[in-house]
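I record what I looked up, entry by entry.

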Amino acid sequence: MQIIEATLTTHGKVGFASREVGRMTDTDPCILNTALHYALGIASGRYVDVVHQPTYIEDTADVVDEVYVTPAAPARVERQGTARTEYLTTNRNARSDTYATPNYPATDDPTGRADKNLPTFERERALAPENTFRFYVFPYGQDASEVATRLPSYIRLGKKRGKGHVSYRIVDAERRSGRFNLGHPLSVYDHDTTPTGGVVMKQMQPTPVWFEGEFDADHYAIEPPYRNESRIYYPAGAKFLATKRDDV
Amino acid sequence: MLPESITTALESGTVPIDEMTNTPGTNYTTILALRELESHAIFTTNGEDADIASLSVVGEDASIEYSPGIMFMRKQTGSDRRMGKAIQRELLDYEEDDSMEVNNMNPRSVESALYGSAASGDDDVDIGVTSRVMYDTAFSVRDASACIDEKFQNAPGEDYAKGSRSTIREPDFFEPGSLFPCAITLRDATPAEVAFVVAITKRNKRYGAATTRLGRVKNHILGVYTGSEEGPSNRELTANVITSFAADSDYTLGDVVQAPALDISEASEYVRDAYDAACTEEVAQNPVDQAVVNELIEVAADDELEAILEAQRPHSEEFIEDAIATDGD
């Protein structure tokens, strides 16, 4: 089968809160497919949010059997380079936009703020421009090139919706069965197979991700991004939040 | 109301005024602007240092890595939103105030329905509205070392003898003449909302810290583009300005980013060229006729804007009310 290899380059600051440590907000170098489905326009949310609960399963109900997007992991741009993620750390002051903000001593504060632990500054570590990520799009029962034409070149990601550019390449993927080592991050809920060993898993919000692991299942051996490199193995039949759906 | 010619020209990138949708669609309108500093401006997030990124620029036969100063998207959005609220206060009479105070917005107003609101003052309806206007981090065309100066500021007060105090600082100032190519993208907006954002972009002349006194900015509106996809990023537009300056002269890429000054009309042309090229090669967007763009700008500068916002007003309210009625149960 043919699948789509997508290379994402960040073009601005892209930040989301993977963890909040004190006054620091940090962004992990992994973009989950929960975000990618929306960014690529495969699922659509709502402009006006009343329920304040994620609706991933409802939003993707119509497309889950037709297309699957993997999480995105840092990628090397050139053959010899390393997949290093560059960050942009910004200090922000979090004061109100009134003209003057007096700072009163804690013992004599008419505003009552001094005895509350209100932050006056925060730090945000976000992905800098020109970081490269790679992810795969599996078109189930559809023509890969036809699906690729429907995917946007520019997408918006993260808290302030930073811009990213995506280029697509059609690659071949051979279906095989047996043991394999996972070659690209897999969201834990996207497949019902479980690893037999060598697991590197990371707890991420909203879904944990397997970064490495040995599996014994049907899988695809995907053509590598650079020639003369080994193929990338990914379990076959992965579906977005498969184990969380009632009909599976 | 908005003239028919504008509504028709924007058709492929907007939604009709009575068909505002809560489900994101694929109607994109991009307002292409070049922000030119006309005075010293402070764009900083910590109050002192300019934020600097690192960009690579690939020219015809050379490439460089340079460090542009950044005008964060939120610096642009915040300032534009204030201008939008000010225009709205001037032209529309709302019973419920709409301000920048995050816990006290009126999500039904034209501005908040378009730019979004995180929380309303209304305790019964707890809603969050996503912005349908998207900004993009803007990069200065020249290197930070060429367009940023530290200036010593001292506010000592009038006492004769001083103790130690923190009244001195050295913030980074962007020099007048710094250029920031900017694309502002509206998704699923109505033509009236596009006219509103054009008006805001045209009228807003203050960005950065201490906006009321410093940071005079001239926004050159270079074009409007519509289509079913989003267009190129500020990073690419900025890179194209640098490579085009180098290609059209004897300068190297390094000379351009270190230049003492750059020609604004040439830069405008390069930004427009970059966007036009992307439209023909890669992105499903098309430029709107220049006559229509001029008409949009004229409409924005006139009392006509009041009629346009009045027409938009009930539809923005309905947009929010419908969403609450549908999803709120």
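I call a residue buried under 20% relative accessible area, exposed over 50% and partly exposed in between, with a 1.4 Å probe and protein chains only. I worked on a predicted model, where local features need pLDDT of at least 70, side-chain atom pairs count only at pLDDT 80 or more, and totals for chains, interfaces and linings use all residues. I numbered residues from 1 along each chain as its sequence is written, lettered chains from A and numbered ligands from 1 in the order in which they are written, and used heavy atoms for side-chain values, leaving out hydrogens and water.

Entry: salt bridges.
I took a salt bridge as a side-chain nitrogen of Lys or Arg within 4 Å of a carboxyl oxygen of Asp or Glu. My search of the whole structure gave 28 of them over all chains.

Entry: A:Asp59 and A:Arg46.
I found a salt bridge between these two, with the closest N and O atoms 3.7 Å apart. A:Asp59 belongs to helix H2 (residues 56–59) of chain A, and A:Arg46 to the loop between helix H1 (33–39) and strand S4 (48–49), 13 residues apart. For these elements I used DSSP runs numbered from the N terminus: helices (H or I, at least four residues) and strands (E, at least two). I noted A:Asp59 as buried at 16% relative accessibility and A:Arg46 as partly exposed at 29%.

Entry: A:Glu229 and A:Arg76.
The closest N and O atoms of this salt bridge are 3.0 Å apart. A:Glu229 is in the loop between strands S16 (219–222) and S17 (232–235) of chain A and A:Arg76 in the loop between strands S6 (73–74) and S7 (87–93), so the pair ties together parts 153 residues apart in sequence. I listed A:Glu229 as partly exposed at 29% and A:Arg76 as partly exposed at 25%.

Entry: B:Lys85 and B:Glu111.
Here the salt bridge has its closest N and O atoms 2.8 Å apart. B:Lys85 sits in helix H2 (residues 73–91) of chain B and B:Glu111 in helix H3 (residues 110–115), so the pair ties together parts 26 residues apart in sequence. I recorded B:Lys85 as buried at 1% and B:Glu111 as buried at 0%.

Entry: a network.
I also found A:Arg19, A:Asp26, A:Asp28, A:Arg125 and A:Lys202 joined into one network by salt bridges that share partners.
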